[in-house]
Amino acid sequence: ALPEHLTRLLSITPSSVKWKDETCVEKCFCCSNPFSISNRKHHCRHCGQVVCHYCSISRKPLPSFGHLEPVRVCDACVRTDLADDQISFPIWIPDKDVDICKSCKKDFSIMFRKLHCRLCGQIF
């Protein structure tokens with residue numbers, strides 16, 4: 001049988017994540033160090049657990065959770081690769097592989113820069 005914290009992490013879906021009430025948490029979910037004035041509480045945006053700064057240094061985009069830009073993710077989620085949001089996060093096309101805009105077919109230039117679509121990974 002898996003440890004309880006791994007079982008909980010494996011059952012996470014965007015609709016199931018509820019942030020843990022930080023008022024009743026005294027120790028970090030990952031390292032069990034007590035919180036203090038110098039060791040502040042933070043929520044993992046993937047699992048909702050309360051963790052310390054040192055156990056939540058990683059930042060990852062979580063598109064299926066509504067976070068297109070990188071957000072705080074705890075070490076437990078990173079270690080188990082559960083924060084790799086592969087459902088909707090695109091594989092970006094490298095800039096060097098694209099010379100014209102996919103939409104309007106114009107050549108890119110200093111005045112007409114390449115931008116990646118956050119949903120599909122294409123360059124426009």
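Reply: Let us begin with the nonpolar core. The largest one in this structure has 15 residues, and those with the most contacts inside it are Cys28, Phe35, Cys44, Cys74 and Cys77. Strand S2 (50–51) and helix H2 (75–79) each supply at least two residues of this core. Please keep in mind that the model is predicted.

Me: Which residues does phenylalanine 35 touch, leaving aside those up to four places away in sequence?

Reply: A contact is counted when heavy atoms lie within 4.5 Å. On that basis, Phe35 touches Val25, Glu26, Lys27 and Cys28, then Arg40 and Lys41, and also Val50, Val51 and Cys52, with residues up to four places away in sequence not counted.

Me: Where is serine 56 found, and is serine 56 buried or exposed?

Reply: Burial is read from the relative accessible area, and a residue under 20% is called buried. Serine 56 is found in the loop between S2 and strand S3 (59–62). Because its relative accessible area is 0%, Ser56 is classed as buried.

Me: What does the side chain of serine 56 reach, and which residues does serine 56 touch beyond four places in sequence?

Reply: For a polar contact, one looks for a pair of N or O atoms within 3.5 Å. Here the side chain of Ser56 reaches the backbone oxygen of Cys52 at 2.9 Å. Not counting residues up to four places away in sequence, Ser56 touches His42, Val51, Arg72, Val73, Cys74 and Asp75.

Me: How many residues apart in sequence are valine 98 and lysine 114, and what is their C-alpha to C-alpha distance?

Reply: Separation along the chain and distance in space are read side by side. Val98 and Lys114 are 16 residues apart in sequence and 8.7 Å apart in space, C-alpha to C-alpha. Val98 lies in the segment after H2 and has a relative accessible area of 14%, so it counts as buried.

Notes
Residues numbered from 1 in each chain as written. Predicted model: local features only at pLDDT ≥ 70, side-chain atom pairs only at ≥ 80, totals over all residues. Heavy atoms only, no water. Core = buried A, V, L, I, M, F, W, Y, C linked by side-chain atoms within 4.5 Å. Buried < 20%, exposed > 50% of the residue type's maximum accessible area, 1.4 Å probe, protein only. Helix = DSSP H or I, 4+ residues; strand = E, 2+ residues; numbered from the N terminus. Polar contact = N/O pair within 3.5 Å; in protein donor to acceptor, adjacent residues only side chain to side chain.
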